[in-house]
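Please keep the sequence and the 3D view at hand while reading.

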Amino acid sequence: MNHTKTLLLAALLLGASAAQAGDDYHAQAISIIKHDFHDKGQATMDRLENDAVQYVCNRYGNNPPAALAQMLQAEQAATVKLPPDGKLLGDWKRGEKLAQSGTGFTWTDRPGLPVGGNCYNCHEISPKEMSFGTLGPSLRNFAKLRGNTPEMEKYVYTKIYNSKSHNLCSPMPRFGYIGALTEQQIKDLVALILDPSSPANQ
Amino acid sequence: MDATRRTLLKGIGSTGVLAAAIAAGVLRPTRVYAAEYNKVAFEAKDLAGGLKGIGAASPVDSKDIVLTAPEIAENGAVVSVTVASKIPGTSSIAVFVEKNPMPLSAHFQFLNGALPEARVNVKMGQTSLIKAVAIANGKAYVTQKEVKVTMGGCGG
Amino acid sequence: MRRLSAHPDENDKGKNMADPMKIRATVSGDVCEIKVLMSHPMETGQRKESDGKLVPAHFIQTFNIAVNGKTVIDGGCGPSVSRNPVFAFKVKGPKAGDKVTVSWVDNLGEKRTDEATVA
Amino acid sequence: MRRITALCVAAFAAASMPQLAAAAKTPKKAATAASAPAPEAKDAATADFEKFRAILEEDNPAELFEAKGEDLWKQKRGPNKVSLEQCDLGVGPGVVKGAYVQTPRYFADADQVMDIERRIAWCMEKLQGFKHEDLVKKPFSNPNYTPDLVSLVTYVAAQSRGMKVAIPQKHPKEIAAYKIGAEIFKYRAGPYDFACATCHGEDGRRIRMQQLPNLASKRDAMRAYAGWPGYRMTGGLMHTLQWRMNDCFRQQRFPEPGYLSDAVTDLLTYLGVNANGNIYKGPGIKR
């Protein structure tokens, strides 16, 4: 799309939408949040600003029109940096440790310390860990059920790196894109899910 | 003062003189016991030391001790443990968490009509066996149950 | 007993722990259930503050429950009894109106005694 | 590039072009992930927790704080040396019974919707003469300290035991508080793209072993509303709903919401009104 045209269109439509009554409480909510919240530790006020993905998911109650979703998903997919060495499978043991940890990014976490993968908060993975969340799908036997081809490795790596490249309003964080997890850490998590010797596939 | 009570006091270790004083009627037993903390048993770093400390060095397995505790603790900081002994003459009950740094959690002595039954909340650092020991007529009995402690909350 | 301070911040720093116990003694049939809630930090000596400093051990070591002055329970505790301990016992004999007295002593020598009436 | 996309998005968002409207009719379900969610049937672990819930509730140390709160309520305190017994919690001056289950509500004297904690703080300020700064300085319990407001809320809440939740939605400001609360609940932001609704918007989900109430549904909203103020086993501390909202935002990786702020009151209005009609069982015990 031509950028100049888009900008013009945007300006026009933004002006029009501001008058919509349905948005009133939404707008009030945002201004109340911005007034009533404050910086604490590393959790600063700029976190309340929306990027494009958040804006659209908020605007459409996580159900964006398909055309819009596809456009933004493609943009998110373009942010994914695959490892230059082409190896996507790390060490599942390190991955398991990382999957257990739920730390990082809160106002009580010291900035600069390693961030956890948060995986067990939402997913079942290894049968040895019975304390798992159910916000996300079970990843147990993932490789057994879905294979561990290079394509699957790439899919899992991409999903962890930027979950929004597959499903725009996925509840899952964009761990690589936001710099929470390093390339090596994501490889270790890919191994936890896809390595045949990982407990997840036992 | 009955034989059971003497046995229990013997287990405390440093109370020989006090026990003699009680026997001689110089001191009232309840006051002595309340003031006297069984340091040896409570500070023992392993189960064997704790058991020895309360005079229950080699307890016999018994089905007559009913130990109620969860399979999985919702939170290791508060694990509700109920112990009831059906062994006649039970004079005291102790609760141990095997894998805690100091396994003995609590020890209750029943007097003057108290039934041999107790409920207490204990902390558990990790998945462990809980052992309930009953002492009756100088003999020690035990039963056990494993309680799992899991990660909870958001882990942050 | 320590009075609650007028200034909201004055009761800071661990000194507000010796609050009253909650004692409940209820008779059903010939058995009286005695439940005691104690306000106590039960610090193990192994917990660390956010600055990494160890919090010193502070826990109830012994307690005593008496009905009309006669001891029914003598208890000993290690630091692994939960914070704000709860104990429940059953005693044969007490009647409504009898007096239940509970006292505890902790490892720092702090003490507290409270009373309740059997209902 | 990012900036342009954002504007482009805004254009889409506001558009009513036919092709987009058509696209919107066949929405992709947001939660659709790699495969089907794990079964949410009540597992053995949850059933076991529930078995011991009754004992934990029976032995709840929250009673200690309830007693302390009663003492604080009745004592003459503060620079003005008066008790809180003339404080109007919305059901008449000095009436405590039923107040907890009917807040947040609009208070004409403050021209504001207030939740119970905010209202008690208001009374401590206006009646007893405490300074606002002192009341909000250290609002949450820690191992060495339980704020007086926490004990007071626990006492007041306990006086609504067995009563029906009936939070009013009459005054325009009460209605606005609910609607704004609903919007705050859904608002996604922060490094993890989380909203309250990310974890609390569906039935039967868990984080680790912890059941997550769906705050948008009547039954689950009550599960969340119930048991607060609550004695939290983690740390052995008494906490109120003000704390619960604060710590959820911490986990949400948001900046901190102001204590006793409109944002929190609005969220509590949303939660409370969704729980309307259910019986409140009094202060509880939480994991």
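In this predicted model, the secondary structure of chain D consists of 12 helices and 10 strands, while chain A has 9 helices and 1 strand. Along the sequence of chain A these elements follow the order α-α-β-α-α-α-α-α-α-α.

**Burial and contacts**

Of the 287 residues in chain D, 62% are buried, and of the 202 residues in chain A, buried residues make up 53%. When contacts in chain D with a separation of 6 or more are considered, 67% of them are between residues 24 or more positions apart; in chain A, 58% of the contacts between residues at least 6 apart in sequence join residues at least 24 apart. Chain D exposes about 10,800 Å², with 57% supplied by carbon and sulfur atoms, whereas chain A has an accessible surface of about 9,300 Å², of which 59% belongs to carbon and sulfur atoms.

**The disulfides**

How many disulfides does a search of the whole structure find? Over all chains, the search finds 2 disulfides, and they are set out in the table below.

| Disulfide | S to S distance | Torsion about the S-S bond |
|---|---|---|
| Cys57(A) and Cys169(A) | 2.0 Å | -90° |
| Cys87(D) and Cys123(D) | 2.0 Å | about 75° |

The link of Cys57(A) and Cys169(A), with its torsion of -90°, is left-handed. This pair links distant parts of the chain, with Cys57(A) in helix H3 (residues 52–59) of chain A and Cys169(A) in the loop between helix H8 (150–161) and helix H9 (183–194), 112 residues apart. Both Cys57(A) and Cys169(A) are buried.

The disulfide of Cys87(D) and Cys123(D) is right-handed because the torsion about its S-S bond is about 75°. Cys87(D) lies in the loop between helix H4 (62–74) and strand S1 (105–107) of chain D, and Cys123(D) lies in helix H5 (residues 116–126), so the pair ties together parts that are 36 residues apart in sequence. Cys87(D) is buried, with a relative accessible area of 0%, and Cys123(D) is also buried, with a relative accessible area of 1%.

Cys119(A) is in no disulfide, and the nearest cysteine sulfur, that of Cys122(A), is 8.9 Å away.

Cys196(D) is buried, with a relative accessible area of 10%.

Notes:
Residues numbered from 1 in each chain as written. Chains lettered and ligands numbered in written order. Predicted model: local features only at pLDDT ≥ 70, side-chain atom pairs only at ≥ 80, totals over all residues. Heavy atoms only, no water. Helix = DSSP H or I, 4+ residues; strand = E, 2+ residues; numbered from the N terminus. Buried < 20%, exposed > 50% of the residue type's maximum accessible area, 1.4 Å probe, protein only. Contact = heavy atoms within 4.5 Å. Areas by Shrake-Rupley, 256 points an atom, 1.4 Å probe, with all protein chains shown as cover. Disulfide = S-S within 2.5 Å.
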